[in-house]
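I opened my notebook to look at a ligand and the protein around it. Here is the structure I worked from.

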Amino acid sequence: MRLILVGPPGAGKGTQAKFLSRHYGIPHISTGDIFRANVAAQTPLGLEAKRHMDGGNLVPDEITIAMVRDRLSEGDTSGGFLLDGFPRTLAQAAALDSMLVEMDTPLDAVLEFQVDDEEVVIRLAGRRTCQKCGHIWHVKFDPPAEEGVCDLCGGELIQRDDDRPETIRRRLEVYEEQTSPLVDYYAKAGLLVSISASASVEEVTDRAVEALSA
Ligand code: AMP
């Protein structure tokens, strides 16, 4: 299965990607996670990415495309992959098309998560991520037993810098302007599968698996 997840920030792509990559036995490739790992390790890529991420803007296409090209050339993608957060621009989508032609591996589906802006803001502003294991909690919808501490591993929970209210608004604008045209692009290619992501995590996973098997 070669799958792409598309949807606004806060639609639950990262959470669903973890379930779906396990379900289909394919690696979960999140460009946001790769950038954040580089920021934490203070690599040159991370320092460059951080300048854009902190303002809620996209990292330039050239950098992002080169990074994905490298990642897709690793051996674990030969049986499929799940791309979470890439592509995010039409230029990235076109570059991905060329990579897949080179690899002779067409996409199976593009899964779109639909959720409205108000819900996105509530979801993102309450999101807390474990610094140690990466698990995502929510102060209201999925709180840990002890505030600020991960139930699973005891790690410290932090708010992502780009989950602050002013940055959230910018990320939504960027989604609307630069990423939402991909929905049409993949609909025209006959690859788009859309589901409503306004439901519990389990319900959205069920909807996703059902929609992908239809
Ligand atoms: P995410 O975790 O997917 O919400 O990504 C967090 C941030 O990383 C985004 O707001 C962008 O700044 C950057 N980023 C992630 N994926 C991409 C991409 N495909 N193109 C450009 N920037 C990206």
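Which polar backbone atom is 2.8 Å from a nitrogen atom of the ligand? I found that it belongs to glycine 85. I count a polar contact as a pair of N or O atoms within 3.5 Å.

A note on my source: this is a predicted model, where local features need pLDDT of at least 70, side-chain atom pairs count only at pLDDT 80 or more, and totals for chains, interfaces and linings use all residues. Residues are numbered from 1 along each chain as its sequence is written, and side-chain values use heavy atoms, with hydrogens and water left out.

Arginine 88 has a polar side-chain atom 2.9 Å from a nitrogen atom of the ligand. In arginine 171, a side-chain N or O atom is 3.4 Å from an oxygen atom of the ligand. The protein covers 96% of the 480 Å² of accessible area that the ligand has on its own (Shrake-Rupley method, 1.4 Å probe).

Then I turned to the shell. There are 16 residues around the ligand, each with a heavy atom within 4 Å of it. Thr31, Arg36, Asn57, Gly85 and Gln92 come nearest. Helix α2 (residues 31-40) gives the most to this shell, with four residues; helices here are DSSP runs of H or I, at least four residues, numbered from the N terminus.

Last, I checked two helices. α4 (residues 61-72) and α5 (residues 90-103) pack at about 25°, with their axes 10 Å apart; axes are lines fitted to C-alpha atoms over the stretch in contact, and angles run from 0 to 180 degrees between N-to-C directions. That makes α4 roughly parallel to α5 (angles under 35 degrees count so).

Notes:
A polar contact is a pair of N or O atoms within 3.5 Å; within protein, one must be able to donate a hydrogen and the other to accept it, and residues adjacent in sequence count only if both atoms are side-chain atoms. Angles under 35 degrees count as roughly parallel, over 145 as roughly antiparallel, 65 to 115 as roughly perpendicular and the rest as oblique.
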